[in-house]
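Work through the exercises below with the model open. Try each task before you read its solution.

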Amino acid sequence: MSAALTAPEPTFRPTVRRLWSAMTTYYTRADRIDRRCFAVAAVLCTSGLAHLVVQAVVGGPWDGPVSWRKPADFGVAFGLTLATITWVTRFIAIRPQLRARLLAVFAFACVVEVTVITTQAWRRVPSHFNMTTPLNSVFAFSAAGGGAILILTTIVFARAAARRDPARSEERRVGKECRSRW
């Protein structure tokens, strides 16, 4: 058989192994708040994916104010957001105690948002701007409060990220290749 007819060696498995190894190393070396936030993020993503299964089994509309799409979207989106914020904030010059408190508050707000959306989906009532009953009002204001907390903590993290960190060198902040292009 000639060399032209042989298939190239698949690189998918080694890449997945390296990625898995990097993730497990990062997780084992991470702070306690990071591990907890990653665990919460995994639960939120799992909840979202489980609601895709519910949609497939139960059926119903995919769009509109009462659908299984909303808990699926919110679970996966907030899970990925929490994991990303947890990871990215490791590179921000911010006091570890402040970062831990902000991450805990951010994670709590993510859980509140997903819980409200999921509960309202299981109750088969709209989740946003629904103030038809006192319970629906509590859920609507809880979601609004959670959203406000998410915005405020994100602003604090963004301000910390925008501050100049004298401990980091210019090369680390802006790569040499970026500076040479400008």
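The exercises cover a pocket, a surface patch and a cavity.

This is a predicted model, where local features need pLDDT of at least 70, side-chain atom pairs count only at pLDDT 80 or more, and totals for chains, interfaces and linings use all residues. Residues are numbered from 1 along each chain as its sequence is written, and side-chain values use heavy atoms, without hydrogens and water.

**Exercise 1.** Describe the largest pocket and its lining.

Step 1. Its volume is about 360 Å³.
Step 2. Count the lining: 14 residues, with Met23, Tyr26, Tyr27, Phe38 and Ala83 nearest the centre of the pocket.
Step 3. Assign elements: α1 (12-29), α2 (32-58) and α3 (69-88) each give two or more residues to this lining.
Step 4. Sort by class: 11 are nonpolar, 3 polar and none charged.

**Exercise 2.** Locate Trp20 and decide: buried or exposed?

Step 1. Trp20 sits in helix α1.
Step 2. Trp20 counts as exposed because its relative accessibility is 57% (buried is under 20%, exposed over 50%, partly exposed in between, with a 1.4 Å probe and protein chains only).
Step 3. Leu19, Trp20 and Met23 make a nonpolar surface patch of about 370 Å².

**Exercise 3.** Characterise the largest cavity.

Step 1. The count is 1 cavity of 30 Å³ or more.
Step 2. The largest cavity has a volume of about 40 Å³.
Step 3. Its lining includes Pro65, Lys70, Ile117 and Val125.
Step 4. α3 and α4 (96-123) each give two or more lining residues; α4 gives the most, with 3.
Step 5. By class, 6 lining residues are nonpolar, 3 polar and 1 charged.

Notes: On a 1 Å grid over the protein atoms alone, a cavity is a set of points where a 1.4 Å probe fits but cannot get out, and a pocket is an open set with protein on both sides within 12 Å along at least five of seven lines; lining residues have an atom within 4 Å of a point. Grid points are joined across faces, edges and corners, and a volume is the space filled by probe spheres set on the points. Helices (H or I, at least four residues) and strands (E, at least two) are DSSP runs, numbered from the N terminus. Ala, Val, Leu, Ile, Met, Phe, Trp, Tyr, Cys and Pro count as nonpolar, Asp, Glu, Lys and Arg as charged, and the others, Gly among them, as polar. Patches are made of residues with over 30% relative accessible area and no salt bridge: like charges are joined within 9 Å, nonpolar side chains (Val, Leu, Ile, Met, Phe, Trp, Tyr) within 5 Å. Accessible areas come from the Shrake-Rupley method with a 1.4 Å probe; for residues, only the protein chains shown count as cover. A salt bridge is a side-chain nitrogen of Lys or Arg within 4 Å of a carboxyl oxygen of Asp or Glu.
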